[in-house]
Amino acid sequence: MSADTSSTTAGEVVAALQPILDEKTSSWPKGYRYQLGGEVVSSDDAFGQMGLAFILAMFSIYILLTLMFGSFLQPLIIIMVVPLALIGTFLGFFITATPMSFFGIMGVVSLAGIAVNNGIVLVDTINQRCKKGQQTARAAALGAADRLRPIVSTSLTTVLSLIPLAYSSPQWYPLCVAIIYGLIASTIIAMVIIPALYVLLSPSGSTKDVNVSIEKTRDSK
């Protein structure tokens with residue numbers, strides 16, 4: 001038996017076929033059963049390996065960022081974007097009714113490396129402003145404003161470049177959905193969460209800095 005599955009993924013085929021097979025097995029002779037194979041089995045085996053790969057990717061990113069920034073705290077601020085970006089990824093799977101597959105997990109692992117880029121740019125810009133003597137709250141606000149257009153532009157070009165790939169083949173669709181929706185969420189979240197966390201968690205940041213900035217703003221008015 002064969003069928004043309006070029007327009008569907010293996011997960012969709014199994015989801016449609018398994019209820020029918022389960023119903024048919026009730027009329028089969030005793031001792032007969034069916035067993036799934038091929039891409040479905042390999043995907044199930046790879047899920048556990050991808051989970052380990054995601055943890056290793058996060059650890060490697062943290063070590064690299066620690067060496068880059070010379071801090072143990074700032075890499076944590078940047079990496080906080082990744083779990084928040086996963087909200088966008090899973091929301092994308094829900095909106096598009098896309099079943100999780102091996103390529104979808106690959107997209108999630110890839111997103112871990114892509115999502116931190118916006119955070120690296122933001123934190124580096126804020127650090128440069130702090131070195132010039134600006135208060136932490138002001139440096140965070142102006143740093144986010146400075147990098148808003150470049151971050152949105154790079155994220156938008158990445159999303160647009162993945163759209164043709166998403167519709168070129170069903171097997172790539174889950175991967176593209178994971179990256180596109182995750183990147184959109186991480187871009188929006190990074191512009192808000194990272195400056196806020198920088199002010200709250202930075203040793204030089206305090207409520208005093210925030211109050212002084214607010215008072216100076218009012219005085220200027």
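1. A residue counts as exposed when its relative accessible area is over 50%. In this predicted model, Ala97 has a relative accessibility of 61% and therefore counts as exposed. Ala97 sits in the loop that lies between α4 and α5, and its phi is positive, at about 55 degrees, although Ala97 is not a glycine. For context, most residues other than glycine have a negative phi.

2. On helix packing, the axes of α5 (residues 102-131) and α7 (residues 173-201) come within 8 Å of each other and cross at roughly 25 degrees. Because angles under 35 degrees count as roughly parallel, α5 is described as roughly parallel to α7. The crossing in which α5 passes α7 is right-handed, and the residues of the contact between these helices comprise 20 nonpolar and nine polar residues, with no charged ones.

3. The largest nonpolar core has 37 residues, of which Phe54, Leu122 and Ile194 touch the most other members. Two or more residues of this core are given by each of α2 (39-69), α3 (74-79), α4 (81-95), α5, α6 (136-166) and α7, and the largest share, 10 residues, comes from α5.

4. Which residues does Ile194 touch, not counting residues up to four places away in sequence? Ile194 is in contact with Ile77, Val81, Gly119, Leu122, Val123 and Ile189.

How values were computed. Residues are numbered from 1 along each chain as its sequence is written. This is a predicted model: local features need pLDDT of at least 70, side-chain atom pairs count only at pLDDT 80 or more; totals for chains, interfaces and linings use all residues. Side-chain values use heavy atoms; hydrogens and water are left out. Axes are lines fitted to C-alpha atoms, for helices over the stretch in contact, and angles run from 0 to 180 degrees between N-to-C directions. Helices (H or I, at least four residues) and strands (E, at least two) are DSSP runs, numbered from the N terminus. Angles under 35 degrees count as roughly parallel, over 145 as roughly antiparallel, 65 to 115 as roughly perpendicular and the rest as oblique. A crossing is left-handed if the near helix is turned anticlockwise from the far one by less than a right angle, and right-handed if clockwise. Ala, Val, Leu, Ile, Met, Phe, Trp, Tyr, Cys and Pro count as nonpolar, Asp, Glu, Lys and Arg as charged, and the others, Gly among them, as polar. A nonpolar core is a set of buried Ala, Val, Leu, Ile, Met, Phe, Trp, Tyr and Cys residues joined through side-chain atoms within 4.5 Å. Buried means under 20% relative accessible area, exposed over 50%, partly exposed in between (1.4 Å probe, protein chains only). Contact means heavy atoms within 4.5 Å.
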